[in-house]
Amino acid sequence: MLRPWKLELEIDKKLEKAVYLQIADTIIADIRSGRLNAGDALPGSRNLALMLKINRNTVVEAYQVLINEEWVISKERKGIFVSDKLPVVQERQSIRDSEAEEASFALSKPMINFDDGHPDSKIAPVTELARAYRQIFNRKAKWQMMGYGNEHGDIEFRKTISQMLNHQRGMHINENEISITRGSQMAMFLTAQCLLKPGDQVIVENPGYKPAWKAFEYAGAELLPATVDEEGIIIKDIEKLLTENKNVKAIYITPHRQYPTTVTLSLARRLELIELSNKHGMTVIEDDYDNEFHFGYRPILPVSSFDELNSYVYVGTLSKVVAPALRIGYLASKDPSLIQKIGDLRKIIDVQGDVIMEQAVLQLIKEGAVKKHIKKATVHYRNKRDLVNSLLEKYLKDVADFTLPEGGLAFWIVPKENLDWDAVTASLLEKSINIIHPKQYSSDCIINGFRLSYGSLSEEQLEDSIKIISKVLKFHTGRIK
């Protein structure tokens, strides 16, 4: 088989980016530029390894990233080929122009709370953070400590966040396009207030994240729900809403691990969404709430990393990375007028953030403590995820469906039969187990599923509670009396 395509890449082992990711990203760039077309064959892993003078396993890892992200497909005994299902990504200008045990358990144990995916506070680098905070406080002169800082946050901290977004998430952002906030919810509120006006409409995922919905509604916007399936938000629903409504200003998505279902927005839908956003002048508000904890080769790159996307606001947080109680979030946008409005509003409601804490976290990042913690936490949560998966296989497989998540801190559980969720949640509360009622995710009718978070619970709590949940679900489906 002829393989005329040649990878034009010089491996730089001094870069922070792993070699296999350098290879994967170069191939992605060639696909998007048109050098590689649908159906084109890639060199075999052995041949490419010889060409690049690297270990074959490195090439295998690069190809696995491309397969995971749907840029290529593997055909048994034939090789690796560019996917033939990719929508055409147009140039920016053309896009603009076109489109009993339970009772004793309840008595002997405190309430077990399945939150929406909080991290384990027991492994947070609290000691390191406290040390850095004291050092920063003692190092700075008193006149510096007592004065006001920039409403967008410490400049060096913003530079570091921009570097992280560029190197790890494929974005092209600088420090002047970032605003530091007190958590991601403040970022969402500021975005809503500065982007939306009464009468505007916002498309949201259904099921979805209601605290963000409330921020949009508080700004006077109308919510337009679009259904989510196993590939993420459904594009046909978005197209229908855009046809039927004339004031759609934005779309709010959680594409990396959709909240609450944990599904990943497919590559094909990402590209279609970008075309719709550009065609209709619709800002993409992307909430990447738990990017760091990923158990595969790497997290899927944000929609906001695509150069073709004209208008976006990207929202992230450090609360899950450093410590749950740490209220540091951020937003990024290429729209200078929006960033200016956000800064002006921030000065009215909060003047500035916690400059000393920002510098303390910055010190931990520069020391490598944050990177070390993320590696440790990822192993911790992967092991806990695998434990939960085994417990679900043991106790819940007959009564509910679920899939193994590639990251994050929660499973999405879908009972095989529709349930009375008022009754189910009441039964669980009687047994000292609290789950989030599915109505908290839904815009109209209650979805038949719930989010089982595991990050903040112990192994004993997880096993005890999953056994009880299994019995309650079986009782309410009539499988046991």
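I began at Ile 203 and listed its contacts (heavy atoms within 4.5 Å), leaving aside neighbours within four places in sequence: Leu 224, Ala 226, Ile 233, Ile 238, Leu 241, Leu 242, Val 248, Ala 250, Ile 251, Tyr 252 and Met 282.

A note to myself on the source: this is a predicted model, in which local features need pLDDT of at least 70 and side-chain atom pairs count only at pLDDT 80 or more, while totals for chains, interfaces and linings use all residues. Residues are numbered from 1 along each chain as its sequence is written, and side-chain values use heavy atoms, with hydrogens and water left out.

**The cores**

Next I looked up the nonpolar cores, meaning sets of buried Ala, Val, Leu, Ile, Met, Phe, Trp, Tyr and Cys residues joined through side-chain atoms within 4.5 Å. Buried stands for under 20% relative accessible area, with a 1.4 Å probe and protein chains only. Which residues touch the most other members of the largest core? I found Leu 165, Ile 203 and Ile 238, out of 74 residues. Helix α1 (residues 19-33) gives the most to this core, with 8 residues. Apart from it I noted another core of 34 residues, including Val 388, Leu 409, Phe 450 and Tyr 454.

I took helices (H or I, at least four residues) and strands (E, at least two) as DSSP runs, numbered from the N terminus.

**Strand β9**

Then I turned to β9 (residues 283-287), where 5 of 5 residues are buried. Thr 283, Ile 285 and Asp 287 lie on one side, with Val 284 and Glu 286 on the other, so I wrote down both faces as covered, by the buried cut-off.

For pairing I used the rule that DSSP finds at least two bridges between two strands. β9 pairs in the parallel sense with β8 (residues 248-253) over 4 bridges, and Ala 250 stands opposite Thr 283. On β10 (residues 312-317) I again found parallel pairing with β9 over 4 bridges; here Asp 287 has Val 315 as its bridge partner.

**Strand β11**

My last stop was β11 (residues 329-332). Gly 329 and Leu 331 on one side and Tyr 330 and Ala 332 on the other are all buried. β10 and β11 run antiparallel, joined by 4 bridges, and Tyr 314 stands opposite Ala 332. β4 (residues 178-181) is antiparallel to β11 too, over 4 bridges, with Ile 180 partnered by Tyr 330.

Terms used. Buried < 20%, exposed > 50% of the residue type's maximum accessible area, 1.4 Å probe, protein only.
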